[in-house]
Amino acid sequence: MRVIKIEGGKGPAEALRLAERPLPEPAPGEIRIHVRAAGVNRPDIVQRLGLYPAPPGASDILGLEVAGEVDAVGDGVTRWRVGDRVCALLGGGGYADCAVVDARHVLPVPTDLDFVQAAALPETAFTVFANVFEGGGLKAGETLLIHGATSGIGVMAIQMAKAAGARVIATSRGAAKTEAARALGADVSLDATDGDLLAAIKAAGGADVVLDMVGAAYAELNLNALKPGGRWVVIATLTGALAQIDLMRVMLKRIVLTGSTLRSRPADEKARLAAAVEQTVWPWVASGHVSAQVAATFPLAQAAAAHQRLEAGDHVGKIVLTL
């Protein structure tokens with residue numbers, strides 16, 4: 001089968017090249033998916049640079065989410081049949097003609113979605129649900145502050161928060177992205193490059209939950225923007241992982257600081273999360289309250305161009321490879 005390899009083991013986007021590997025066989029409890037589309041995510045870039053190795057037992061091939069048809073079923077799998085239209089969260093292996101995955105990490109492709117749209121769902125939907133709703137405890141009537149609101153995760157977070165009855169304050173860079181976040185449903189959409197961002201967030205009422213993909217540069221801002229009893233959820237550190245904060249203010253405001261990664265979670269935990277996403281998020285997708293926002297697609301052979309587009313940061317939503 002065709003795969004994308006990283007020539008030299010790590011490097012720039014241009015290191016991504018087509019190669020051939022043997023077709024993988026599903027182990028007991030796994031299925032094999034004939035991949036029709038694969039989501040491109042920032043962790044793929046970090047892995048390509050040699051800074052985020054695949055966890056033990058996972059494929060070294062890039063790609064954390066796919067959509068396609070089941071074409072082989074391992075022993076013990078009862079839910080899925082050959083030909084089923086599915087999407088899945090992977091530990092790796094998505095940039096390939098076929099991928100094997102724990103059958104418990106697989107969800108049906110929602111009705112009326114094509115494979116490109118379906119491939120854009122798992123990584124973002126699982127991440128937002130695990131961090132905003134479970135880790136952050138967001139509830140109807142509360143306010144979610146999202147930094148990087150036009151990223152794949154940001155776009156999903158806006159929609160899921162609104163579907164759950166929450167209010168959204170979105171921050172992004174530039175007028176075009178600010179308008180895009182507003183069009184997606186953000187109640188307040190702020191240009192992070194225009195004026196006093198903290199003052200604007202406070203004027204909008206502050207936040208009960210912050211979804212932070214920025215990291216160190218926004219640490220002080222987040223602490224000030226949160227209401228008493230607020231939850232600060234860190235899922236990426238694009239401006240650095242080391243920050244200095246006033247712990248007395250954390251105590252006085254009763255702030256909960258938490259965060260997580262998704263890829264390294266145990267298989268059983270991912271299975272639990274998949275079931276929760278299917279129960280809560282998939283009905284929102286079916287009703288149209290949550291949809292995949294795809295900024296661009298690239299053929300598998302153009303994986304390098306897909307990474308360059310993601311690194312440029314001028315997109316709104318997801319980048320997807322097609323096969």
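**Close-up views of a predicted model**

**View 1. The largest nonpolar core.** Of its 54 residues, L144, I146, M160, L211, V277, V281 and W282 touch the most other members. A nonpolar core is a set of buried Ala, Val, Leu, Ile, Met, Phe, Trp, Tyr and Cys residues joined through side-chain atoms within 4.5 Å; buried means under 20% relative accessible area, with a 1.4 Å probe and protein chains only. Helix α9 (267–287) gives the largest share of this core, 8 residues. The model is predicted: local features need pLDDT of at least 70 and side-chain atom pairs pLDDT 80 or more, while totals for chains, interfaces and linings use all residues. Residues are numbered from 1 along each chain as its sequence is written, and side-chain values use heavy atoms, without hydrogens and water.

**View 2. Surroundings of V281.** Leaving aside neighbours within four places in sequence, V281 is in contact (heavy atoms within 4.5 Å) with A125, F129, M160 and A276.

**View 3. Helix α3, residues 122–135.** Of the 14 residues in α3, 12 are buried, including A125 and F129. Helices are DSSP runs of H or I with at least four residues, and strands are runs of E with at least two, numbered from the N terminus. After α3 comes G137, with a positive phi near 60 degrees.

**View 4. The open sheet.** The sheet has 6 strands in the order β10-β9-β8-β11-β12-β13, with parallel pairing; strands pair if DSSP finds at least two bridges between them. β10 (188–191) and β13 (256–259) each have a single partner strand, so one side of each has no neighbour in the sheet. Parallel strands β9 and β10 are joined by 4 bridges, and I169 has V188 in β10 as its bridge partner.

How values were computed:
Buried means under 20% relative accessible area, exposed over 50%, partly exposed in between (1.4 Å probe, protein chains only).
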